[in-house]
Amino acid sequence: MLTSDHTSIKSLEELAGILGSEKASGKTVVQCHGVFDLLHIGHIRHFEEAKKLGDILVVTLTPDEHVNKGPDRPAFKQELRAEAIAALDCVDFVAINRWPLAAEAIKMLAPDFYVKGQDYKDSDQDRTGGILLEEAAVESVGGQIAFTDDIVFSSTNLINNHMPVVSNDLSEYLNSFTSRHSVDDVVRLLDGASSLKVLVVGETIIDEYIYCDAMGKSGKEPVLVSRQVDSERFAGGVIAVANHVAAFCDNIDLLTFIGQDPEEDAFVRGKVDPKINQLFLYQDVDSPTITKRRFVEMTHFQKLFEVYVMDDGEHKPEQSATLCSKLEEILPNYDMVIVADYGHGMLGPEEVEVLCAKAPLLAVNTQVNAGNMGFNTVSKYRRSDFLCVSENELRLEARSRRRDIHDIMLDIGGQLDCDRMIITRGVSGCLGYSKDHGFCEVPAFGTNVVDRVGAGDAMFSVAALCVAQNAPMEIVGFIGNAVGAEAVATVGHRTSTQKVPLIRHMESLLK
């Protein structure tokens with residue numbers, strides 16, 4: 001039965017006090033926990049069966065910020081999910097958790113029984129490792145874990161089929177994709193990347209966001225005046241690429257140039273994933289670590305203008321010789337080399353030639369930006385085993401705005417002896433190609449676009465790892481687009497791709 005009294009929704013601290021008193025009077029407390037994004041009969045039976053184990057049933061919810069089923073989830077915000085569950089007669093109290101997992105909430109509430117559904121009985125199937133942590137937490141407070149055994153539904157499956165958050169065209173594509181590839185096919189590639197030994201090469205960039213509040217026009221000049229409100233800095237460029245790779249690989253080396261400023265050095269090093277082996281070289285004393293400073297009107301997150309802080313000349317001969325020597329020394333040690341070339345001078349003709357001649361499997365991304373427009377196209381590399389660039393960047397190489405993109409891909413692929421490539425196309429998704437299987441199109445998955453900065457880096461990083469395992473290009477594009485959808489949903493490089501949330505996101509797409 002449903003009730004209309006929602007005073008049963010409490011904070012964790014308030015609830016801990018209430019339950020302490022109830023337990024002192026001899027009552028038995030039962031706790032359930034989950035997302036419960038779409039309340040259905042499976043959840044209700046789960047709660048009813050759990051309530052039979054004690055006197056008081058408490059349900060804690062995963063907060064919105066920790067629901068790892070993709071940028072479009074949860075479908076219902078935490079307050080609505082709490083209200084729906086609080087309306088059930090069998091539920092005595094509801095609280096919204098603050099952490100990704102329930103372990104801390106369990107320790108606060110000290111239930112006698114912590115109850116999960118039968119799909120959690122096999123802890124090996126829980127990629128988060130959460131069920132083992134939660135079991136340890138309940139045992140630490142003198143309780144025990146229990147499992148219900150009733151009808152099972154999937155909220156994700158119901159949402160996808162009856163109230164989809166994606167377009168009809170995307171829904172049709174996903175249904176078609178599942179007829180050719182399974183979730184296991186996709187996950188196997190992410191698991192398989194762990195054994196790859198990878199070298200990531202490219203320029204370090206500090207991405208700085210200056211958040212402003214527009215005040216109006218200057219009184220004396222036709223200039224927009226803004227008041228600085230806040231600022232934020234991220235380690236971008238090749239640092240971001242390496243951090244994405246680190247989510248899947250156990251053996252990563254990072255080769256880059258940075259400036260000699262001690263504060264910048266400490267900042268950059270502090271942002272590198274601890275798993276990554278840092279092979280940092282230092283630029284000339286007068287050359288700073290590249291910084292791209294964006295001024296952003298914070299109300300609508302509208303970028304106003306951008307300032308580059310860098311030495312835009314070529315590297316000095318000594319620096320070039322140092323880098324080439326380092327590459328010659330270490331390239332034979334890897335399974336693949338991922339090159340993020342932003343065109344700011346680190347990778348000149350000598351360095352590129354060493355990479356093309358010596359890299360075992362070479363994945364290349366050459367980016368066009370305001371600092372290199374027209375000077376950093378893909379033909380600077382005579383060889384690439386995997387190429388990932390935007391359609392605009394490939395068209396610049398071909399010097400053609402309107403020519404069929406498929407023809408351009410075939411021509412450029414022939415010139416670079418490249419038999420696998422992904423061309424990103426913004427809202428149109430991506431176009432993949434391999435000599436073995438031809439072309440494939442994968443639509444875009446992202447609907448929540450906050451900031452496009454870094455999305456191409458994220459996609460390239462993870463797609464390259466899949467290509468190194470000879471994955472079908474459609475799966476490469478699928479995984480890449482899922483990564484890209486998560487990247488555009490956050491500001492800059494505020495977060496890096498994480499393996500478990502990515503898998504949960506892709507599982508939710510394919511259910």
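# Burial, contacts and a pocket

Trainee: Is Ser8 buried or exposed?
Mentor: This is a predicted model, and Ser8 belongs to the segment before α1 (12-24). Residues under 20% relative accessible area are classed as buried, and those over 50% as exposed. Ser8 has a relative accessible area of 11%, so its class is buried.

Trainee: Which residues does Ser8 touch, not counting residues up to four places away in sequence?
Mentor: Ser8 lies in the segment before α1. With residues up to four places away in sequence left out, the residues that Ser8 touches are Ala86, Asp92, Phe93 and Val94.

Trainee: Where does Phe36 lie, and what is its relative accessibility?
Mentor: Phe36 is in the loop between β1 (29-34) and α2 (41-51). Phe36 counts as buried because its relative accessibility is 10%.

Trainee: What phi does Phe36 have?
Mentor: Most residues other than glycine have a negative phi. Phe36 is not a glycine, yet its phi is positive, at about 50°.

Trainee: With which side chain does the side chain of Thr62 make a polar contact?
Mentor: Thr62 sits in the loop between β2 (56-61) and α3 (78-86), and counts as buried at 6% relative accessibility. Beyond four places in sequence, Thr62 touches His33, Gly34, Val35, Val67, Arg81 and Pro100. The polar contact, at 3.4 Å, joins the side chain of Thr62 to that of His33.

Trainee: In which strand is Phe280, and which residues does it touch?
Mentor: Phe280 is placed in strand β10 (residues 276-282). Its relative accessible area is 11%, so Phe280 is buried. Apart from residues up to four places away in sequence, Phe280 touches Ile239, Leu254, Thr256, Ile258, Val268, Arg269 and Val272.

Trainee: How many Å separate the C-alpha atoms of Phe280 and Ala103?
Mentor: Along the chain, Phe280 and Ala103 are 177 residues apart.

Trainee: Why do the buried residues of α14 line one face of the helix, and what is their arc?
Mentor: Helix α14 (residues 405-415) has Ile405, Ile408, Met409, Ile412 and Gly413 as buried residues. They line one face of α14 because, viewed down its axis, they fall within an arc of 130°.

Trainee: What covers the buried residues of α14?
Mentor: Those residues are Ile405, Ile408, Met409, Ile412 and Gly413. Their cover includes α13 (391-398), β15, β16 (420-424), β17 (430-434) and β18 (438-442).

Trainee: Which backbone nitrogen does a side-chain oxygen of Asp404 reach at the start of α14?
Mentor: Helix α14 spans residues 405-415. The side-chain oxygen of Asp404 comes to within 2.9 Å of the backbone nitrogen of His406.

Trainee: Against which elements do the buried residues of α12 pack?
Mentor: In helix α12 (residues 349-358), the buried residues are Glu351, Val352, Val354, Leu355 and Cys356. They pack against α11 (317-330), β13 (336-341) and β14 (362-366).

Trainee: What is the volume of the second largest pocket, and which residues lie nearest its centre?
Mentor: The volume of the second largest pocket is about 1100 Å³. Its lining has 42 residues, and those nearest the centre are Arg452, Val453, Gly454, Ala455 and Gly456.

Trainee: How many residues in the lining of the second largest pocket are nonpolar, polar and charged?
Mentor: The lining has 42 residues. By class, the lining has 17 nonpolar, 15 polar and 10 charged residues.

Trainee: Which element gives the most to the lining of the second largest pocket?
Mentor: At least two lining residues each come from β7 (204-217), β11 (290-297), β12 (302-309), β15 (386-390), α15 (455-467) and α16 (473-488). With five residues, the element that gives the most is α16.

Technical notes: Residues numbered from 1 in each chain as written. Predicted model: local features only at pLDDT ≥ 70, side-chain atom pairs only at ≥ 80, totals over all residues. Heavy atoms only, no water. 1 Å grid on protein atoms, 1.4 Å probe; cavity = no way out; pocket = protein on both sides within 12 Å on 5 of 7 lines; lining within 4 Å. Points joined across faces, edges and corners; volume = space filled by probe spheres on them. Helix = DSSP H or I, 4+ residues; strand = E, 2+ residues; numbered from the N terminus. Nonpolar A, V, L, I, M, F, W, Y, C, P; charged D, E, K, R; others polar. Buried < 20%, exposed > 50% of the residue type's maximum accessible area, 1.4 Å probe, protein only. Arc of directions from axis to C-beta. Contact = heavy atoms within 4.5 Å. Polar contact = N/O pair within 3.5 Å; in protein donor to acceptor, adjacent residues only side chain to side chain.
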